[in-house]
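Comments on confidence are placed towards the end.

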Amino acid sequence: MIPILYYYLWVAPHVLLGGVLFLMVRRQVHRQFPMFFLYATWEISQFAVLFAIHLSNFHFGAGYQRAYLVGLALSTAIRFEVIYELFRHFFHRYPALTGPGRFLFRGTTVLLLVIAVGLAISAPGSAADQISHATTYSSLKATTFALDRAVTILQCGLLMSLFVFSRYFALSWRSNAFGIALGLGAFASVELATSAMRLYFSSNTFNTFFDFSNMATYHFCVLVWMFYLLAPERKPHYALQPLPEDDLEIWNRELQRLIQQ
Amino acid sequence: MTITLILVCVALLALVLLLSLAKGQASSPKVLENPREHIRSVDVEAFRNLMDPDEKEFLRTRLRPAEFRKIQRERLRAAADYVSCAAGNAAVLLRLGEAARRSPDPATVAAADKLVDNAIRLRFYAFQALARLYVGMLLPGVRVSPVRIAESYEQMTRLVVLLGCLQYPTRGVSAALLAD
């Protein structure tokens, strides 16, 4: 049962991601979000390579691990670009936001970087220690987990700051952008929790559980992306209501009189 | 272990935030169904009066220090309420402006763009001004002068009027905005 579920959670999201790419091209969304398009393309390519290695050897050997780590590093870098693309999407739609938006993006990045580096240094069997004694596979794995945690803190923090920022400024999201951010945000949140726990619960049983959680969340994210690409863009419906002129003037006079007393 | 627990809690909070946002995105914003109910009147002159440094100096010379601090705190609290109110109105106007951007009339679109820009600026200034006003409440002697808020609010109000006139020239200045 577990191998079937494992293969399903490994293969299905990438097949669906192919559908996401198709929808993006068909709806011309790939021009608005080229980095996300690149991310989805990269994820599928990475999957194809890893799956081929896995099938050829039928085990997860050293070749597989190397390909996985390279793929993970590139995928993480592209995900940062996708997040910045979402920020840029808002700057483009609301030119007045460019100044405060860039300040927020840079400020949040620096703050999160400090937190992430601080936590990486203080992690059990810290990354620095692990690198100096990096002779075994387990130490490499622990280093990867520590780095993974630092990266997810950054990504989760940036995405949450984007959501809080848009909420404070009462900005409306285009459904495609919202779908991308929601999927990435959900994935980053779950990854943050699992990457934090991996450093303390390192037995195989726990690792299998964390792997399944991440894979299931990724599957969910791909479904979210697909849903928001399929859903039609909602146009706001407004009804004209004349403002109560008399009320406003009366209140203004009353307030002025009250303050001038 | 404490750090792990904190990070897990942060991750859970982030998920809750995402869920609430997804729910909010799915439902139609009530503010837009009847914007009148959500726009509250803000008296710019009253706000300027509260922020007037001469007025402050006058109170400082007339009142005992303890009394002055108490009064100044009250004045700043009221000013903060005004700013919050103006910022709330800006949020409503921003949404209305965004809808007006879909108008086929280029003049309406231009006015709506300007309204959106001013509403965003006002919310940005309001964020800074509120921070300064709250600091002022803690330290009533500190000089705070968020007069830019008043200017920005006045400018935005003029734009709303312009937008109303462009869309509904026959209804006069007080006509509210937007139809589909």
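1. In this predicted model, helix H9(A) has as its buried residues Phe210(A), Thr217(A), Tyr218(A), Cys221(A), Val222(A), Val224(A), Trp225(A), Tyr228(A) and Leu229(A). Here a residue is buried if 20 or more other C-beta atoms lie within 10 Å of its own, exposed if 12 or fewer, and partly exposed in between, with C-beta atoms placed from the backbone. Helix H9(A) runs over residues 204-230 and has 27 residues, reaching 39 Å from its first C-alpha to its last, close to the 39 Å expected at 1.5 Å a residue; the expected span is 1.5 Å times one less than the number of residues.

2. On conventions, residues are numbered from 1 along each chain as its sequence is written, while chains are lettered from A and ligands numbered from 1 in the order in which they are written. Local features need pLDDT of at least 70 and side-chain atom pairs count only at pLDDT 80 or more, whereas totals for chains, interfaces and linings use all residues.

3. Chain B comprises seven helices and zero strands, where helices (H or I, at least four residues) and strands (E, at least two) are DSSP runs numbered from the N terminus. Of the 180 residues in chain B, 38% are buried. Among the chain B contacts with a separation of 6 or more, 71% are between residues 24 or more positions apart, a contact being a pair of residues whose C-beta atoms, placed from the backbone, lie within 7 Å.

4. Leaving aside residues up to four places away in sequence, Leu159(A) touches Ile83(A), Ala181(A), Leu184(A), Gly185(A) and Ala188(A).

5. In helix H3 of chain B (residues 44-51), the buried residues are Ala46(B), Phe47(B), Leu50(B) and Met51(B). They cover an arc of only 135° around the axis, which puts them on the same side of H3(B); the arc is that of the directions from the helix axis to the C-beta atoms.

6. Leu59(B) lies in helix H4 (residues 53-62) of chain B and counts as partly exposed because it has 14 C-beta neighbours inside 10 Å. Apart from residues up to four places away in sequence, Leu59(B) touches Phe68(B), Ile71(B) and Gln72(B). Leu59(B) and Gln72(B) are 13 residues apart in sequence and 8.5 Å apart in space, C-alpha to C-alpha.

7. Gln28(A) has a positive phi of about 65° although it is not a glycine, and it lies in the loop between H1 and helix H2 (29-32) of chain A. With 8 C-beta neighbours inside 10 Å, Gln28(A) counts as exposed.

8. The model scores ipTM 0.72 and pTM 0.75. In pLDDT, the predictor's confidence in each residue from 0 to 100, chain A has a mean of 79, with 79% of its residues at 70 or more. Confidence in chain A is lowest in helix H10 (residues 245-260), at a mean of 34, and highest in helix H1 (residues 2-26), at 91. Over residues 239-261 of chain A the pLDDT is below 50, and this stretch has 29 contacts in the model beyond near neighbours in sequence.

Definitions and conventions
Two residues are in contact if their C-beta atoms, placed from the backbone, lie within 7 Å.
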